[in-house]
Structures are given as structure tokens and as C-alpha cells.
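Please open the model in your viewer and keep the selection panel at hand. The stops below are meant to be taken in order.

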Amino acid sequence: MEPVKITEGVYSLRVNHFNRRLFDSLIPLPEGTSYNAYLVKGSEKTALLDSADPEKAEVLFDYLKGVEKIDYVVAHHAEQDHSGSIPLVLEKYPAARVVTNPKCKEFLMTHLHIPAEKFTEVKDGDTLQLGGKTLEFVYLPWVHWPETMGTYLREDKCLFTCDFFGSHLATGELFSEEHVVYEPMKRYYAEIMMPFRSNIKSHLEKLAKYDIKFIAPSHGPVHRNPKFIMDIYRDWAVSGPHNKAVVAYISMHGSTYMLVNRLVSRLQERGVCVEKLNLDQLDEGRVAMALVDAATIVIGTPTVLTAAHPKAVYAAHLANLLRPKAKFVSVIGSFGWGGRAVETIAGLIPNIKAEVLKPVMVKGRPTEADLKQIDDLADLIAERHRTMSVPC
Ligand code: FEO
């Protein structure tokens, strides 16, 4: 494989992983993913930016077979999908220095046992001259680890952002198309960056001063439409929630399902967008994406033995980890003779700083009076959503 030219002296060494189906042993990957290294050739020095997941190291080394010399390996992030092949790169290019920040150095020494003497430390804003190519290092901590940084290649206005602006998308296309990349980007943002929204907001402000022509992330295609990319990140991380409710449910004998269907139709009649998610066939990525812009989360659960259904428990725990920006939460569901399903769910979501709207738990098959309670909940949600400034 030959490195793919982005612009003069700047090359993509994208390692596609088309058949990877799960990331972090958690998030399904319907479109695979990629691990992107980049090569920047100056008139005097050559830098490799990041590496690849070691499972796919042979693809990276296929790209490098014609590259005689690497002077610097810039490590933006110590997570192994980008750093895992650095020890192999150092075997092939023993004179190369690993350029990174002190925190990333510490992590690389811990996780990969790279010796301390191989490193050159850089601070936020430091530069490295390659000869006609100037690398400026930009700290971007908590995207989603504390050590992450990016690199701005001044002469070519190319910003290498590591996980930031990445997408879970394996593709042979060098550049992204907006309609293709939107969902894989959202899936990636939702899984790892949503809990760090305030950091993302700061980073967007920090990057505003850069004149950017290309955004080259470490997953998925290169972006040459930085405004579109920054705008969707602002929507996800900075803007308020949309006029949207997520109703995530599981049903055993149909009673909870009746409540869910009533709520969904009543919300829609009142102008609230609804994403209805059946937890029976759970795609964690789909749940995470739905939570990115929802104003309300409703968990629908029957009672199993004495508590909420385990699949509803799992979804609530996942939502709590992801810290979505929802303003309102509720629980609806059913029971046979008793139980504490509402208390189970409520105890699982302390990170979601939302108003709890009165739950509706019914005994057995819902009666008309029970369904009236659902109608009242729909009225309340629609009323609360009138303050949402962003439509769905
Ligand atoms: Fe793609 Fe945080 O590694």
C-alpha cells in the first residue's frame, strides 16, 4: 500500500478495520473503524503522527516499506488503537524520537514500556521544525483521556486532532462526505466525548483562532469542510438539548409496551420528536447517539422479581456514564404484585442532573385510568419542552 497524499508532503496512512464489530468491547461498529497515522515530510526531517492498533500493524508497515527514515513519532494519545504499534515503529526506526507531552509519556511508559530516553517532551504551543513544515502542538486534554493533544501543521493549515472529530467509519475515500460521516461521527462522539462536553466546548473555542483547511483525525476520513465539522460538534457539545424525547423500553408481556406506545403517540401529537428504542435488541451506540441531543429520557420497564428489568438497568447505567444533557427524566412500566422498579432506575442515574417527572407504574394490563396518567405525562413533557430553543 502506498501512502495517500493529502497535500504536498503530507500523507494519510489509514489502516481500515472493515470487519471490526465492537469498540471498547462495548459499542457496535456497523461500518467498522480505522486507525489513522499520518506522515509529514519536511526538507530535513520526517515525522510519523501516531501509529495503528497492533492488531493491524502489518498494514501500517506495508505503508512504511518505502520510507527509509523517520526522525519523530508524534504520539497524540496513549490509547493503544493509536499508540500500540509505536514500539514496533521504534524497532524499525531506532533513531526516531517519540514526541509527546509529559502525561502521554508517562502513559506510554506504563502501557507500552517505552524507555524514558526515547522521548522528547513538548508543551502546549511548542513547535518542531521539519524543514518547510512546522508542527505546532496543541493540548486537547479529556478527549477522552487526560493526555490527548493535537498538532497543527502551519504551512498546510492541517490540524491533526486524534480522537477529536473522528468517526467510526472504515472507508477507502480519503475525504469525508457530510451525509456519510455524520452518523459515524455522532456514534464516536456519543461513546467517548459526551461525558466531557465542557472540555469539548473549551477546545472548540481554543481552535477558533486557527486557520484550518484540513482536519485529519485518527479515526475515519479526513475532513476538508472544517466549518461543518465544528458546527455539528457545537450542536452536540455546546447547544441546549433538542425538542426530543428518548423512550428506551423493554416489555415482557405487553403491558409496558402499551404504555410506551401511548406515550410515543401522545408526545408526537404534541409536537415532541421521539426516538423509541427497544432494549431487547440493544445497540449501545444507538442508545448513546439518541442521548446526545434529547431533552427527555423515559425508561420503560416491567418489574422482574422485585426490581427493574436487567436490560433497563443496563441502559440506565449506560446513560448515567455518558452524562447526557437531558433536562427531564421519567420511568414508566408495570408490575404484577409489587416491586421497586422506579427506585432501581432512580438510584442508577445520579450523574444526570435532570428534573424527575412523575413516574407511571401500573399494576397488570393498563386500564383507561392508567393510560390517562400517560397522557398527563405527555402533557407535562410537552409543556417542559416549550423552553427548548433547539427544534428536533
Ligand atoms: Fe481512538 Fe481514545 O482512542
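The model is a predicted one, in which local features need pLDDT of at least 70 and side-chain atom pairs count only at pLDDT 80 or more, while totals for chains, interfaces and linings use all residues. Residues are numbered from 1 along each chain as its sequence is written, and side-chain values use heavy atoms, with hydrogens and water left out.

Begin with the aromatic side chains, among which the structure holds 14 pairs (rings of Phe, Tyr and Trp, the last by its six-membered ring, pair if their centres lie within 6.5 Å, and planes under 30 degrees apart count as stacked, over 60 as edge-to-face and the rest as tilted). Select Phe23 and Tyr188, whose ring centres are 6.4 Å apart and whose planes stand at 85°, so the pair is edge-to-face. Because Phe23 belongs to strand E3 (residues 22-23) and Tyr188 to helix H5 (residues 178-193), this pair ties together parts that are 165 residues apart in sequence; helices (H or I, at least four residues) and strands (E, at least two) are DSSP runs numbered from the N terminus. Both Phe23 and Tyr188 are buried, that is, under 20% relative accessible area, with exposed meaning over 50% and partly exposed in between (1.4 Å probe, protein chains only).

Next select Phe164 and Tyr233, where the ring centres are 5.4 Å apart and the planes at 80°, so this pair is edge-to-face. The pair links distant parts of the chain, with Phe164 in the loop between strand E13 (158-162) and H5, and Tyr233 in helix H7 (residues 226-237), 69 residues apart. Phe164 is buried at a relative accessible area of 0%, and Tyr233 counts as buried at 0%.

Now move to E13, where five of the five residues are buried, so the strand is largely enclosed by the rest of the structure. Cys158, Phe160 and Cys162 point one way from E13, whereas Leu159 and Thr161 point the other way.

Finally, show the partners of E13, bearing in mind that two strands pair if DSSP finds at least two bridges between them. Strand E12 (residues 149-153) pairs with E13 in the antiparallel sense over three bridges, and Tyr152 has Leu159 as its bridge partner in E13. E12 and E13 form a hairpin with four residues between them, and Lys157 in the turn has a positive phi of about 55°. Strand E14 (residues 214-217) pairs with E13 in the parallel sense over four bridges, and Pro217 in E14 stands opposite Cys162.
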